[in-house]
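Reader: Could you walk me through how to read a fold from its computed features? I would like the general idea each time, and then the case at hand.

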Amino acid sequence: MDNLIFFNPGDSVGNFHDYDEAVRSAQIYRESNKIESGHVFVVKGVNNKKFDVFLADDQMINPETDPQKGKSRSQPYYVSKKL
């Protein structure tokens with residue numbers, strides 16, 4: 001999957017070095033918080049080797065393409081898995 005999505009790193013639900021651990025934690029988070037609509041994303045930063053977990057609701061607009069609506073603290077991430 002090669003979707004590029006912008007998130008504020010401070011909104012991360014979790015930060016992991018192991019992909020499988022990130023997926024397990026995202027699944028547990030989704031179940032324990034009863035998230036039925038929307039998604040929980042496991043994402044990988046563009047320039048790093050860590051995996052982060054974000055809620056779909058925390059997705060941001062790219063401030064470079066839409067500076068009026070975007071948040072300046074967002075960073076690009078590649079979606080590794082949607083749960």
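Author: Gladly, and let us begin with a term: contact means heavy atoms within 4.5 Å. Helices (H or I, at least four residues) and strands (E, at least two) are DSSP runs, numbered from the N terminus. What covers the buried residues of α1 then includes β2, β3, β4 and β5. Please keep in mind that this is a predicted model, in which local features need pLDDT of at least 70 and side-chain atom pairs count only at pLDDT 80 or more, while totals for chains, interfaces and linings use all residues. Residues are numbered from 1 along each chain as its sequence is written, and side-chain values use heavy atoms, with hydrogens and water left out.

Reader: Which elements does the protein have, and in what order do they run from the N terminus on?

Author: The protein has one helix and five strands. Their order from the N terminus is β-β-α-β-β-β.

Reader: How do I read burial, and what share of the residues is buried?

Author: Buried means under 20% relative accessible area, exposed means over 50%, and partly exposed lies in between (1.4 Å probe, protein chains only). Here, buried residues make up 34% of the 83 residues. Accessible areas come from the Shrake-Rupley method with a 1.4 Å probe, and for residues only the protein chains shown count as cover. The protein exposes about 5,500 Å², of which carbon and sulfur atoms supply 43%.

Reader: Turning to the helix, how does the span of α1 fit its 14 residues?

Author: The expected span of a helix is 1.5 Å times one less than its number of residues. For the 14 residues of α1 that gives 20 Å, and the end C-alpha atoms are 20 Å apart, which agrees.

Reader: Which residues of α1 are buried?

Author: First, the general idea: an α-helix has 3.6 residues a turn, so residues three or four places apart point the same way. In α1, the buried residues are A22, V23, A26 and R30. They cover an arc of only 100° around the axis, so they sit on the same side of α1. That arc is taken from the directions from the helix axis to the C-beta atoms. On the face of α1 turned away from the buried side are the exposed residues I28, E31 and S32.

Reader: What happens to the backbone just after α1?

Author: Most residues other than glycine have a negative phi, and most peptide bonds are trans. Just after α1, K34 takes a positive phi of about 50°. K34 belongs to the loop between α1 and β3, and it is exposed, with a relative accessible area of 67%.

Reader: Which residues make up the largest nonpolar core?

Author: A nonpolar core is a set of buried Ala, Val, Leu, Ile, Met, Phe, Trp, Tyr and Cys residues joined through side-chain atoms within 4.5 Å. The largest one has ten residues: F16, A22, V23, A26, I35, V40, V42, F51, V53 and L83. At least two residues of this core come from each of α1 (19–32), β3 (40–45) and β4 (51–55). The largest share, three residues, is supplied by α1. Apart from this core lies another, of eight residues, including F7, F54, A56 and Y77.

Reader: How is β3 placed, and is it enclosed or open?

Author: Five of the six residues of β3 are buried, so β3 is largely enclosed by the rest of the structure. For strand pairing, the rule is that DSSP finds at least two bridges between the two strands. Five bridges join β3 to β4, and these strands run antiparallel; a hairpin connects them through five residues. F41 has F54 as its bridge partner in β4. Five bridges also join β3 to β5 (residues 75–82), again antiparallel, with K44 standing opposite Y78 in β5.

Reader: Finally, where is N8 found, and is it buried or exposed?

Author: N8 is in the loop between β1 (4–7) and β2 (14–16). N8 is buried, with a relative accessible area of 15%. Leaving aside neighbours within four places in sequence, N8 is in contact with F54, M60, R73 and S74. P9 lies in the loop between β1 and β2 as well, and at 31% relative accessibility P9 counts as partly exposed. Not counting residues up to four places away in sequence, P9 touches F54, R73, Q75 and Y77.
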